[in-house]
Amino acid sequence: MVMASSRRAAASPPDAVDRSRRRRRPLSRRALVATATATVGMQLLGTADAYHRAPCKKLSDRRQFQFSDCYVPNLSDDLYLKRASFVMAHDAATGYLNVNGNGEDGSSGGGSDGGQYNKEYDGMDDMNNADYMQGEGGGEYRQNNWSPSRWTSVSTRLLSLYGKTQVGTVYDQLNDGARALDLRPKIYNNGTIGFHHGSLIEVPLTSITLGGLLEDAKQWCNDNPKELVIIFHSELVHEAGYYGLNGQVYMETDDDYETDDDGNNDDGNDGGEDEGADNGEEEANDADNEEEEVNDANEEDEDADQAEDQEEGGGRRRLDQSYEYTYAGIAKMKEVYAEAEVPYYPCDKLSGLTVAEAMELADLSKTGGKGYLLAVDRHDMYASFCGKANWAQDQLVTCHSRYYEDNKEEGGEHEGGNNRNNRQSYIHCTDTRGTGVSKLSALQSYVRASTNGEASDDSGELGPPYDESYYPFNQIQGFWQVDSTSVQIGIMHASNLLDDNRRSNVNEEMVKMAYSGEFNAISIFALDNVALNGNAMFSVLRNACGQSVQQYNGDDLPCGKNLVMPNMHVYHKLPLVWNIVLFVVYGALVAMVSIMLFQAFRLRNEGPQEHRLVCHGHVV
């Protein structure tokens, strides 16, 4: 069909009208070629080493992928990690709110259903009827660590339901297109690590712990062993406050030493200190006479040990082992990750790496698992984010704000100076045909400046980082921000962040911007509610030219705008049975009305009739 279109284009007469048509025809041909090559690409990817989203049965899921049957090519191995594009689930742990896990740690057991997770949950259904204290394994936490009166307070429930940013477990979020997880850990006094999101949300321990979340992430990696998943920490807090984090622990560094197979150290000092103390005087006298011989022997033994270590390829403790002071919070995090057998590194470990090198660090097969998963932060007191967050407080764009007759806003793009004696009105991002247009335009300018602005390492200025070795990643915050005023207005209007995200179509607009090439570069694209068009963003980012494998068996795969934009509109269709029933009912009504009209017209055409009474053959 594409070749026939080309022949028709070549055979067209070169007059002015046809020249105009030929100028417009490449756009149409590109759409046709994109559709045809998408099908061919699906066939190639079906036999290639690529990601295939499973399940891929719903039409709404299949439409979000640019290749047929939910296929996406793998990231290019030689692509630098800082140039790779990832969809990040903003505040991923909130997806476990109102979800009862199967395990004692809150994990879903790796199933795509995520415990009692309901795909249609929008956050408001349980605003007044939510019981967060149920679930297996909840009794112990309820007795030892959690105060029911605190969680069951009305204000806490409202804030928690308003601030929920994701739907479902991390297994579901990864299946919905996320490849990076934004986590805000909180260490409790008993050593358990849960999650929070500032003063807005505390995720109960009965919902999820760090260990349970890692199990869900590992299960997804096991089911999708070719995808790289990165966990980003930030804003680590402690139940005891500052003093729970500022303590330091003296620890051996993980990268500077190794042990032999039987767990013994090979430095020749273990078990000899006591014996040396008992015979100290005799050894001291002998050492004075044999000092030179001992020094020479030690040098020879050291050279021999180093040569033996190189031949054996490891298994012995190296002589350059080192120690360091680690913050107590980071030390506790390391314990959890070591128990879960998930790599946990500082930010500088990823600086300058390619995708292939990062996957080597994240390889779970080294510990008997499958897939690629790692966690990173700065290993400082607060487990800070490894990239530039682009959170400019004076430029935040919230979903809800209010303004007065002088047209000055509060709680959004502008602050202060309002005459509160004037009548106030509200601006909502959900009013997509009214005031929400200005909100969306402001958010688009905000995210565009996050990557297209002037490079700067100032966290208060929007733009990419100047020092990419210190900031290996750059975050685009493609969601509505929150402040005290927006929360107040949102709750007053019975809304929440998930509703705001869905009704404002913000994820769809972000996908359109990424597809249109409005960003100079995309590293980390953070979204709320990745269950809504998260796979569309994932498909657009992965299929951008230069991101993924562009050839297979010598055949070029289409990329970028050569592929059609994902279809993000969800059409609700009735089942076939109900369509038949409605057809019969409406058909019967149409038939009845038609018969009545026919009878009415027939009687009208016959005209008035004389009515006579006949009695015994005589007309009365």
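Select Lys-82 and Glu-468: their side chains meet in a salt bridge, 3.1 Å from N to O. Now look at where each partner sits. Lys-82 is in the loop between β2 (71-72) and β3 (86-89), and Glu-468 is in the loop between α14 (436-452) and β18 (473-477), so the pair ties together parts 386 residues apart in sequence. Keep in mind that this is a predicted model.

Are these two side chains buried or exposed? Buried would need under 20% relative accessible area, and exposed over 50%. Lys-82 has 29% relative accessibility, so it counts as partly exposed. Glu-468 also has 29%, so it counts as partly exposed too.

**Stay here for the cavity.** Together with Lys-82 and Glu-468, they line the largest cavity. About 50 Å³ of space lies inside this cavity. Its lining has six nonpolar, two polar and two charged residues. The whole structure holds four cavities of 30 Å³ or more.

Select Glu-227 and Arg-179. They form a salt bridge, with the closest N and O atoms 2.9 Å apart. This pair also links distant parts of the chain. Glu-227 lies in the loop between α8 (210-223) and β8 (228-233), and Arg-179 in the loop between α7 (170-175) and β4 (180-183), 48 residues apart. Glu-227 has 1% relative accessibility, so it counts as buried. Arg-179, also at 1%, counts as buried as well.

**Move to Asp-182 and Arg-184.** Here the closest N and O atoms of the salt bridge are 2.7 Å apart. Asp-182 and Arg-184 are both buried. Across the whole structure, a search finds 14 salt bridges.

**Now the nonpolar cores.** Which residues have the most contacts inside the largest nonpolar core? Select Leu-210, Met-510, Phe-525 and Met-537 to see them. That core has 73 residues. A second, separate core has 28 residues, among them Leu-75, Ala-84, Leu-353 and Met-359.

**Finish at Leu-210.** Show what surrounds it. Setting aside neighbours within four places in sequence, Leu-210 is in contact with Leu-183, Ile-193, Phe-195, Met-333, Val-336 and Tyr-337.

How values were computed: Residues are numbered from 1 along each chain as its sequence is written. This is a predicted model: local features need pLDDT of at least 70, side-chain atom pairs count only at pLDDT 80 or more; totals for chains, interfaces and linings use all residues. Side-chain values use heavy atoms; hydrogens and water are left out. A nonpolar core is a set of buried Ala, Val, Leu, Ile, Met, Phe, Trp, Tyr and Cys residues joined through side-chain atoms within 4.5 Å. Buried means under 20% relative accessible area, exposed over 50%, partly exposed in between (1.4 Å probe, protein chains only). Contact means heavy atoms within 4.5 Å. On a 1 Å grid over the protein atoms alone, a cavity is a set of points where a 1.4 Å probe fits but cannot get out, and a pocket is an open set with protein on both sides within 12 Å along at least five of seven lines; lining residues have an atom within 4 Å of a point. Grid points are joined across faces, edges and corners, and a volume is the space filled by probe spheres set on the points. Ala, Val, Leu, Ile, Met, Phe, Trp, Tyr, Cys and Pro count as nonpolar, Asp, Glu, Lys and Arg as charged, and the others, Gly among them, as polar. A salt bridge is a side-chain nitrogen of Lys or Arg within 4 Å of a carboxyl oxygen of Asp or Glu. Helices (H or I, at least four residues) and strands (E, at least two) are DSSP runs, numbered from the N terminus.
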